[in-house]
There are 2 protein chains.
Amino acid sequence: HEVILADSTSVNLFKLAMAALQYQAGRNRIITDDLNFPSDVYILQRVAQLAGDTHLLSLISSPDGIHGPVEQLRDQLDEQTALLTLSHTVFKSGYTYDMAYLTAEAHQRGALVLWDLSHSVGALPVDLNAAHVDLAVGCSYKYLNGGPGAPAFLYIREDLQEMLENPISGWMGQHKMFNFDLQYQPEAGLRKFLSGTPPVLSMSLIEPGLDLLMEAGMQAVRHKSLLQTNYLIGLWQEWLEPLGYTLNSPRQPEQRGSHVSLGHVEGLRIDKALIDAYQVVPDFRAPDNIRLGFAPLYTTFEEIYRAALALKEIVELGVYLNYSDQPPEVT
Amino acid sequence: HEVILADSTSVNLFKLAMAALQYQAGRNRIITDDLNFPSDVYILQRVAQLAGDTHLLSLISSPDGIHGPVEQLRDQLDEQTALLTLSHTVFKSGYTYDMAYLTAEAHQRGALVLWDLSHSVGALPVDLNAAHVDLAVGCSYKYLNGGPGAPAFLYIREDLQEMLENPISGWMGQHKMFNFDLQYQPEAGLRKFLSGTPPVLSMSLIEPGLDLLMEAGMQAVRHKSLLQTNYLIGLWQEWLEPLGYTLNSPRQPEQRGSHVSLGHVEGLRIDKALIDAYQVVPDFRAPDNIRLGFAPLYTTFEEIYRAALALKEIVELGVYLNYSDQPPEVT
């Protein structure tokens with residue numbers, strides 16, 4: 001009753017942020033942080049304009065580019081705050097917020113909270129109802145195994161659904177849509193947040209990936225994920241830190257999603273060497289993050305060992321020197 | 001340079017209508033007709049509110065529910081009109097507007113024009129540049145053979161692209177998106193009208209259908225389509241009109257897309273009999289339209305003959321009496 005699969009994460013964020021601002025008329029602040037996924041920030045920048053151009057977007061800075069600025073966010077929440085919106089697990093460092101804590105703090109000031117779960121869902125247990133979360137969006141691209149452009153999802157807590165309006169009022173959200181009435185009359189419940197026809201083929205194609213996750217169970221997935229990120233961090237400490245690699249992810253397991261970023265002044269060239277010479281495929285995230293993602297369903301400990309060994313060799317043997325520091329188009 | 005494939009038709013219509021209203025600041029009227037696809041009207045109703053709630057949506061009535069109210073639309077265009085938006089081929093009757101004529105009329109009053117091509121594209125030649133069209137959207141569901149929820153498209157005339165802003169400012173429209181800057185800076189040209197990641201799988205899956213259409217050529221497709229709709233109308237005249245069927249589509253070939261609607265007081269029951277007893281699958285569109293779509297690439301003349309014969313038998317033999325007049329959920 002609280003989740004629908006449709007559109008892209010950006011479109012879903014647009015819908016929920018617009019709906020939240022309209023519902024919170026009289027409050028004109030949106031709060032987020034500089035660890036949020038840039039697409040979310042872009043969407044919020046335009047949403048703030050469209051909502052009447054009197055809205056302010058406060059972008060709170062992380063103290064170190066790794067950890068979420070939890071206290072600063074909490075202290076910024078005020079009577080003017082319409083919406084607090086954050087990536088639950090942030091895309092560069094993999095830092096994971098304490099969802100229940102910040103949600104409760106926001107509610108104390110009357111703000112709604114919208115979490116982007118793209119880097120959390122399928123990687124760690126997320127209990128939106130227990131945390132009394134208002135709104136959430138996310139993709140099925142990453143740990144749900146859907147691949148690029150697979151359908152995204154949105155969540156609205158059940159008691160909020162009646163109060164919010166979908167800005168993109170398409171026919172799939174219409175009451176008795178096949179009556180083809182010419183006056184928009186939203187369907188009850190969450191269905192009104194559908195817009196156009198959902199991508200039927202893409203939706204059916206993500207089912208096998210979801211089935212595997214359900215079968216494994218999120219507790220088991222999280223258990224293996226933490227073992228794997230801990231394992232990499234152990235190897236980093238032993239082999240990579242002495243070679244100039246920095247750990248750009250939290251050391252505290254409970255503050256981590258399922259990816260770990262390592263920094264290095266030669267990060268981009270190392271990244272290229274890793275892909276080309278060792279067939280290990282990380283992402284590169286400027287300025288220096290080599291981001292290694294662990295999908296517990298199929299990533300093995302041996303692969304992690306080989307990746308760390310490769311990172312070691314690339315610097316020790318100077319393999320990275322064979323690669324240019326020109327950024328490629330897609331990283 | 002003028003077409004991108006992304007999102008759903010409803011989302012694309014939302015983007016372009018919002019962009020048009022923002023560009024046309026000072027003009028507060030949107031004009032459409034009551035033959036337009038309801039989802040388009042729903043989107044426009046919300047867009048009119050979001051654009052500042054001072055916008056008026058004028059819904060011009062067709063004189064007969066079949067033909068577009070061309071003269072009335074033309075006469076309604078005025079200095080307050082920001083946007084004229086219509087389905088090029090309308091979903092019930094299959095009436096096709098003279099795109100070049102109404103576009104030119106709208107331009108004379110300074111209005112932008114947005115055409116929904118969902119029932120035209122792949123069914124008849126559409127030359128947007130020749131008609132100097134401003135904006136267009138459409139689906140790949142129907143005559144492009146993409147199926148439900150296949151990616152939709154949007155068109156912006158090249159010289160307009162610089163002036164319009166995408167309300168859903170996602171990362172795929174960002175200049176150098178993989179820099180992950182936190183300030184939205186739209187890419188030049190049409191790319192800024194992308195929002196989230198396009199559905200890669202769905203996009204690749206529509207290619208074979210497009211290839212077939214390109215190979216056949218739109219002139220040949222249109223030629224066969226007109227022969228087929230004419231053929232059905234001939235059979236209607238000979239067999240079906242005497243049995244109480246009405247022609248709910250234009251008689252003039254140049255005013256027709258590639259579907260024909262037949263009306264009957266027992267339309268819904270006939271529709272059910274047609275599907276169940278004869279395996280001919282039309283759509284039913286209230287109040288009485290049995291809509292027969294002809295996809296020239298694969299619809300045969302024999303199938304049309306059999307469909308018309310079935311419609312004849314269903315009434316002559318009273319087959320429809322075996323079916324209830326309760327509307328099903330999906331029609």
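The buried residues of H4(B) pack against helix H3 (70-76), strand S4 (81-87) and strand S5 (112-116) of chain B. Helices (H or I, at least four residues) and strands (E, at least two) are DSSP runs, numbered from the N terminus. Buried means under 20% relative accessible area, exposed over 50%, and partly exposed in between (1.4 Å probe, protein chains only).

This is a predicted model, in which local features need pLDDT of at least 70 and side-chain atom pairs count only at pLDDT 80 or more, while totals for chains, interfaces and linings use all residues. Residues are numbered from 1 along each chain as its sequence is written, chains are lettered from A and ligands numbered from 1 in the order in which they are written, and side-chain values use heavy atoms, with hydrogens and water left out.

**Helix H4 of chain B**

- Helix H4 spans residues 99-108 of chain B, and its buried residues are Met99(B), Leu102(B), Thr103(B), Glu105(B) and Ala106(B).
- Seen down the axis of H4(B), these buried residues fall within an arc of 160°, so they line one face of the helix. The arc is that of the directions from the helix axis to the C-beta atoms.
- At the start of H4(B), a side-chain oxygen of Asp98(B) comes to within 3.3 Å of the backbone nitrogen of Ala100(B).
- Gly110(B) follows H4(B) and has a positive phi, near 80°.

**Nonpolar core**

- The largest nonpolar core has 80 residues. Such a core is a set of buried Ala, Val, Leu, Ile, Met, Phe, Trp, Tyr and Cys residues joined through side-chain atoms within 4.5 Å.
- Phe14(A), Leu83(A), Ile156(A), Phe14(B), Leu83(B) and Ile156(B) touch the most other members.
- Not counting residues up to four places away in sequence, Phe14(A) touches Ile43(A), Val47(A), Leu50(A), Pro167(A) and Ile168(A) in chain A, and Phe14(B), Pro167(B) and Ile168(B) in chain B. Contact means heavy atoms within 4.5 Å.

**Aromatic rings**

- The structure holds 25 aromatic pairs over all chains. Rings of Phe, Tyr and Trp (its six-membered ring) pair if their centres lie within 6.5 Å; planes under 30 degrees apart count as stacked, over 60 as edge-to-face and the rest as tilted.
- Tyr97(A) and Trp115(A) have ring centres 6.0 Å apart and planes at 55°, so the pair is tilted.
- This pair links distant parts of the chain, 18 residues apart: Tyr97(A) is in the loop between strand S4 (81-87) and helix H4 (99-108) of chain A, and Trp115(A) is in strand S5 (residues 112-116) of chain A. Both residues are buried.
- Trp171(A) and Phe178(A) pair edge-to-face, at 5.8 Å centre to centre and 65° between the planes. Trp171(A) is buried at 14% relative accessibility, and Phe178(A) is buried at 18%.
- One aromatic cluster is formed by Phe37(A), Phe91(A), Trp171(B), Phe178(B) and Phe180(B).
- Lys142(A) lies over the face of Tyr141(A), 5.0 Å from the ring centre. Lys142(B) lies over the face of Tyr141(B), also at 5.0 Å from the ring centre. A charge sits over a ring if NZ of Lys or CZ of Arg is within 6 Å of the ring centre and within 35 degrees of the ring normal.

**Buried sites in chain B**

- Ser195(B) is in the loop between strand S7 (153-156) and helix H5 (200-205) of chain B. Ser195(B) is buried, at 1% relative accessibility.
- Beyond four places in sequence, the contacts of Ser195(B) include Ser10(A), Val11(A), Asp7(B), Lys15(B) and Trp171(B).
- Phe153(B) lies in strand S7 of chain B and is buried at 7% relative accessibility.

**Backbone geometry**

- Most residues other than glycine have a negative phi, and most peptide bonds are trans.
- A cis peptide bond joins Ala286(A) and Pro287(A), with omega about 0°. Pro287(A) is in the loop between strand S10 (283-285) and strand S11 (289-293) of chain A.
- The peptide bond from Ala286(B) to Pro287(B) is cis, with omega near 0°.
- Asp7(B) is not a glycine, yet its phi is positive, near 60°. Asp7(B) lies in the loop between strand S1 (3-5) and helix H1 (9-23) of chain B and is buried at 17%.
- Asn145(B), also not a glycine, has a positive phi of about 70°. Asn145(B) is partly exposed, with a relative accessible area of 30%.

Methods: Polar contact = N/O pair within 3.5 Å; in protein donor to acceptor, adjacent residues only side chain to side chain.
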